[in-house]
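This report describes selected features of one structure, from its ligand shell to its backbone. The sequence and the model are shown first.

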Amino acid sequence: ATPTSIMVGTGRAAEIGVLFRKGDALQILQESSVIALDKTGTLTAGRPALTDLILADEMQEEDVLRMVAAVERNSEHPIAEAIVAAAEKRGISLPKIGAFTSITGFGVKATVEEREVLIGADRLMIREGVDLGAFAGHSSVLATKGKTPLFAAINGELAAVIAVADPIKPTTPQAIKALHGLGLKVAMITGDNQVTAEAIAEELGIDHVVAEVLPEGKVATLNSLRVGGGKLAFVGDGINDAPALAAADVGVAIGTGTDVAIEAADVVLMSGDLLGVVNAIDISQRTMRNIR
Ligand code: ADP
Ligand code: MG
């Protein structure tokens, strides 16, 4: 392609809200054979809601939600917002807490009314020596439905399984089909539960899933998706995605995402949906083949 046709392609993309921040991204995008997508906030809305609360014997719903939400009020994770919103909706007032700790990729803990409260993934419970017992079964059933199961423990005893679900963006199914139509292999990278991620990937027809990835493992995971000589594109929206956006051959940020992600990207999708990336690849393929 000539410099002029690249300018024309970049301009055409800008008109439909796809901003190429680096000139060579148009060319590299056209050579991409694999596209990896972050799940939360990229494939999904990034605004989960609480869907299920399964209590251990002797536990009261209001009491569990009160303590768990009091802890989550101190976390910025979208899961935390879902739990706090559920408590607020029920008009539950939240007590003050002490000694809050956030364990990235695992969950959170704090002291509430002299009791130690833990909320997070199964791996947090295993790490803290909490026995999952019969709750492991409940958790897998929820995950099979594409919901994210969380465990809450009070003083080392399992108190509840809480599920949250994050709706898939309305345009995502169409975007995945179109990416396949353009000849790309589609992968998903997420910190979420393996079974949950597989359920969502299956619903969307995604070819490959890597789940339960810790934030520091995202770049290594991304690099493991490289096949043959084809280029690798990555789409993400969060602070945690910035290193992967920089490491990919083409990093594509969702324009409604965090500034850190946008800064690290080569291409920015002004609209919050994945049809923008389909348009970007389509334009890059047409430009490089000089099709008008
Ligand atoms: P992702 O961005 O893909 O959701 P994270 O690394 O942020 O990945 O989180 C991975 C998992 O860690 C979550 O699915 C959840 O199980 C657990 N987790 C993280 N933060 C919290 C929190 N504030 N409350 C409960 N669980 C959490
Ligand atoms: Mg995300």
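**Elements and basis**

Helices and strands are DSSP runs numbered from the N terminus, a helix (H or I) having at least four residues and a strand (E) at least two. The model discussed here is predicted.

**Backbone at two loop residues**

Glu-212 is located in the loop between β10 and α10 (218-223). Its phi is near 55°, a positive value in a residue other than glycine. Because 16 other C-beta atoms lie within 10 Å, Glu-212 is classed as partly exposed.

Glu-113 occupies the loop between β5 and β6. The phi of Glu-113 is likewise positive, near 45°, and this residue too is not a glycine. Glu-113 has 13 C-beta neighbours inside 10 Å and therefore counts as partly exposed.

**Surroundings of ligand 1**

Ligand 1 is surrounded by 21 residues, of which Ser-75, His-77, Gly-105, Ala-121 and Gly-191 are the closest. Two or more residues of this shell come from each of α3 (39-43), α5 (78-89), β5 (107-112), β6 (115-120) and β7 (148-154).

By residue class, the shell consists of ten polar, eight nonpolar and three charged residues. Both domain 1 (3-45 + 168-288) and domain 2 (49-165) contribute, each giving at least three residues to the shell.

**The seven-stranded sheet**

An open sheet of seven strands runs in the order β1-β13-β12-β11-β2-β9-β10, with mixed pairing. At its edges stand β1 (18-20) and β10 (208-210); each has a single partner strand, so one side of each lacks a neighbour in the sheet. From one strand to the next, the twist averages 20°.

Within this sheet, strands β2 (residues 32-38) and β9 (residues 185-189) run parallel and are joined by five bridges. Leu-37 has Met-188 in β9 as its bridge partner.

**Helix α13**

Helix α13 (residues 275-288) comprises 14 residues. The distance from its first C-alpha to its last is 20 Å, close to the 20 Å expected at 1.5 Å a residue.

Which residues of α13 are buried? They are Gly-276, Val-277, Val-278, Ala-280, Ile-281, Ile-283, Ser-284 and Thr-287. In general, an α-helix has 3.6 residues a turn, so residues three or four places apart point the same way. After α13 comes Asn-290, with a positive phi near 55°.

Conventions
Residues numbered from 1 in each chain as written. Chains lettered and ligands numbered in written order. Predicted model: local features only at pLDDT ≥ 70, side-chain atom pairs only at ≥ 80, totals over all residues. Near = placed C-beta within 6 Å. Nonpolar A, V, L, I, M, F, W, Y, C, P; charged D, E, K, R; others polar. Domains from an automatic or database assignment. Expected span 1.5 Å × (residues − 1). Buried ≥ 20, exposed ≤ 12 C-beta atoms within 10 Å, placed from the backbone. Pairing = 2+ DSSP bridges. Axes fitted to C-alpha atoms, helices over the stretch in contact; angles between N-to-C directions.
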